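Biologist: I am new to reading protein models. Could you walk me through this one, feature by feature?

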Amino acid sequence: MDYETFKQEMTEDLKQKLYERGIEDVDMSFHNVEKANQHYESLTVRQEGSNVGVNFNIENAFAEYEHTGDYAGVLAESTHAIMQGIENVPSVDTSELTNYEAMKEKLSIEVISAETNAELLTKVPHESMEDMAVVYRFVLESNDAGRASILVTNDMIDHMGVTHEQLKADALENAPEIRPAVVQGMSEVMREMMGPEAFEMYFCERCVFFMRLD
């Protein structure tokens, strides 16, 4: 079975499996997803009446099928993953997504590879530091099941009427509270790699937000 045939059959079979589990009236479509450190084609599953969908990496599912030849097993795993996603979809007020005053309290930062994400970085506000880059996210929900977030893009802040400078300032204020383990963890790693004196001197000039978190 080639990739296109796999996509078609998986879509039909997933709809049936979800229906059997009480998930009716779902819309399924394919989209290219561009995220930090990865790019893939996703199968987006959205229930009727919901403004939030679940993205499922269809390329990974096909790779698993090619590796094992077990279509039924891949279908079962895919159904389980999508069911979990649907059950944990956050409630999102879409009117807030364009309201910066409402969204800025959800701002967080993420450190990614600049080289791996070169194309993505042309579309998002970011800060460069050697071979890494800091990007911004709106964290919609975070719990034991995972974190739902939206990568902030240039188009998004233009629509909101927010400058890059204001975004950065608000993110630096919020980041320690929203994602302290991630940010402080990177800070500690950099301090160990560079040594305390070099770390203080470098980040005082290049990356103030790491200084503020210690």
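Modeller: We will go from the whole chain to single residues. This is a predicted model, in which local features need pLDDT of at least 70 and side-chain atom pairs count only at pLDDT 80 or more, while totals for chains, interfaces and linings use all residues. Residues are numbered from 1 along each chain as its sequence is written, and side-chain values use heavy atoms, with hydrogens and water left out.

Biologist: How many helices and strands are in the secondary structure of the chain?

Modeller: Helices (H or I, at least four residues) and strands (E, at least two) are DSSP runs, numbered from the N terminus. Here the chain has 10 helices and seven strands.

Biologist: What share of the residues in the chain is buried?

Modeller: Buried means under 20% relative accessible area, exposed means over 50%, and partly exposed is in between (1.4 Å probe, protein chains only). Of the 214 residues in the chain, 39% are buried.

Biologist: Which residues touch the most other members of the largest nonpolar core?

Modeller: A nonpolar core is a set of buried Ala, Val, Leu, Ile, Met, Phe, Trp, Tyr and Cys residues joined through side-chain atoms within 4.5 Å. The largest one has 22 residues, and Phe6, Met10 and Val45 touch the most other members. At least two residues each come from α1 (3-20), β1 (26-35), β2 (38-47), β3 (54-57), α2 and α3 (71-87). The largest share, six residues, is from α3. There is also a second, separate core of 15 residues, with Met103, Val134, Tyr136 and Ile157 among them.

Biologist: What does Phe6 touch, not counting residues up to four places away in sequence?

Modeller: Phe6 touches Met1, Ile58, Ala61, Phe62, Tyr65, Tyr71 and Val74.

Biologist: Several of those have rings. How many aromatic pairs does a search of the whole structure find?

Modeller: Rings of Phe, Tyr and Trp (its six-membered ring) pair if their centres lie within 6.5 Å; planes under 30 degrees apart count as stacked, over 60 as edge-to-face and the rest as tilted. The search finds six pairs. In one of them, Phe62 and Tyr65 have ring centres 6.2 Å apart and planes at 40°, so the pair is tilted. These two residues are three apart in helix α2 (residues 58-68), so about one helical turn separates them. Phe62 is buried at 11% relative accessibility, and Tyr65 is buried at 14%. One aromatic cluster is formed by Tyr3, Phe6, Phe62, Tyr65 and Tyr71.

Biologist: Which ring does the charged end of Lys7 sit over?

Modeller: A charge sits over a ring if NZ of Lys or CZ of Arg is within 6 Å of the ring centre and within 35 degrees of the ring normal. The charged end of Lys7 is over the ring of Phe30, 4.5 Å from its centre.

Biologist: Is Arg137 buried or exposed?

Modeller: Arg137 is buried, at 10% relative accessible area. This residue is in strand β6 (residues 132-143).

Biologist: Where does Val162 lie?

Modeller: Val162 is in the loop between α6 (154-160) and α7 (164-178). Not counting residues up to four places away in sequence, Val162 touches Tyr100, Ile157 and Leu167. Val162 and Tyr100 are 62 residues apart along the chain, yet their C-alpha atoms are separated by 7.6 Å.

Biologist: Where is Asp25, and is it buried or exposed?

Modeller: Asp25 lies in the loop between α1 and β1. At 53% relative accessibility, Asp25 counts as exposed. Its phi is positive, about 50°, although Asp25 is not a glycine.

Methods
Contact = heavy atoms within 4.5 Å.
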